[in-house]
Amino acid sequence: MAAATLRVLFSSARTPAFWVLAMTFWICGWSTNGLVQTHFIPAAHDHGMPATTASGLLALIGVFDILGTVFSGWLTDRVRPWPLLAVYYFLRGLSLLFLHNLMGPAIQPMLWIFIIFYGLDWVAAVPPTVVLCRQYFGPVKATVVFGWVFAFHMVGAGAGSLTAGLSRESTGGLPGRMGYRRGVVLCGSSQLAIDAATAAGGASTGHRAGALLARQLFARGRNACQGF
């Protein structure tokens, strides 16, 4: 079983589609489990919000997550998955840009909007990603490929949690602007990489050009992060 799983990984890793899906899911993990799930409560507490209030808001994100995932599955049956992912990642990055300014001792109306939206968008990327795994790698390999793609999600979550925590320890404050703006840059790079993958269909030359463009976009996002 393990040998068969590795064979699927090695064969899939030769295609640009695998790396685009894996890296976008890495970013998905960074911006959900890594930043918000791990650091939302301490960040809100640093702004004077009681921990019980912040934990209640995080729980609401989980409630809306269920609704958003079901709705995303319904949309994925009716809309092409690449544009859906582009919208999900772009709006997620945009919402993270404003989160730092929404935090305070009391719950602002705009913070409610963030909680509802981020909950709806939390796992919304999963249904279209699963469909893309099936489209690119076939029904037999799709489940194994998605398992490896999901592994990148968890690595991204660990990286996001660690770097934001180190930022908080080094600055003496919340991971705030540094962590969330990095998430915005990476989500933007993710959306652009998805566009590149969309354009890289068909001929082998197109696949190579798309893969090169995706790598350049991710490198640009990584370099931009160093400035925050």
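**Exercise 1.** Work out how helix 1 (residues 2–12) and helix 6 (residues 126–171) are arranged where they pack at an angle of about 95°, with axes 10 Å apart.

*Solution.* Before starting, note that this is a predicted model, where local features need pLDDT of at least 70, side-chain atom pairs count only at pLDDT 80 or more, and totals for chains, interfaces and linings use all residues. Residues are numbered from 1 along each chain as its sequence is written, and side-chain values use heavy atoms, leaving out hydrogens and water.

Step 1: angles of 65 to 115 degrees count as roughly perpendicular. Helix 1 and helix 6 are therefore roughly perpendicular to each other.

Step 2: look at who meets whom. Helix 1 brings residues including Leu-6 and Leu-9, and helix 6 brings residues including Val-145 and Trp-148.

Step 3: sort the residues of this contact, and you get 7 nonpolar, 3 polar and 1 charged.

**Exercise 2.** Classify the aromatic pair of Phe-18 and Trp-19, then decide how accessible Phe-18 is and how accessible Trp-19 is.

*Solution.* Step 1: rings of Phe, Tyr and Trp (its six-membered ring) pair if their centres lie within 6.5 Å; planes under 30 degrees apart are stacked, over 60 edge-to-face, and the rest tilted.

Step 2: the centres of Phe-18 and Trp-19 are 5.3 Å apart and the planes stand at 85°, so this pair is edge-to-face.

Step 3: buried means under 20% relative accessible area, exposed over 50%, and partly exposed in between (1.4 Å probe, protein chains only). Phe-18, at 1%, is buried, whereas Trp-19, at 38%, is partly exposed.

Step 4: widen the view, and Phe-18, Trp-19 and Phe-152 form one aromatic cluster.

Note on methods: Axes are lines fitted to C-alpha atoms, for helices over the stretch in contact, and angles run from 0 to 180 degrees between N-to-C directions. Helices (H or I, at least four residues) and strands (E, at least two) are DSSP runs, numbered from the N terminus. Angles under 35 degrees count as roughly parallel, over 145 as roughly antiparallel, 65 to 115 as roughly perpendicular and the rest as oblique. Contact means heavy atoms within 4.5 Å. Ala, Val, Leu, Ile, Met, Phe, Trp, Tyr, Cys and Pro count as nonpolar, Asp, Glu, Lys and Arg as charged, and the others, Gly among them, as polar.
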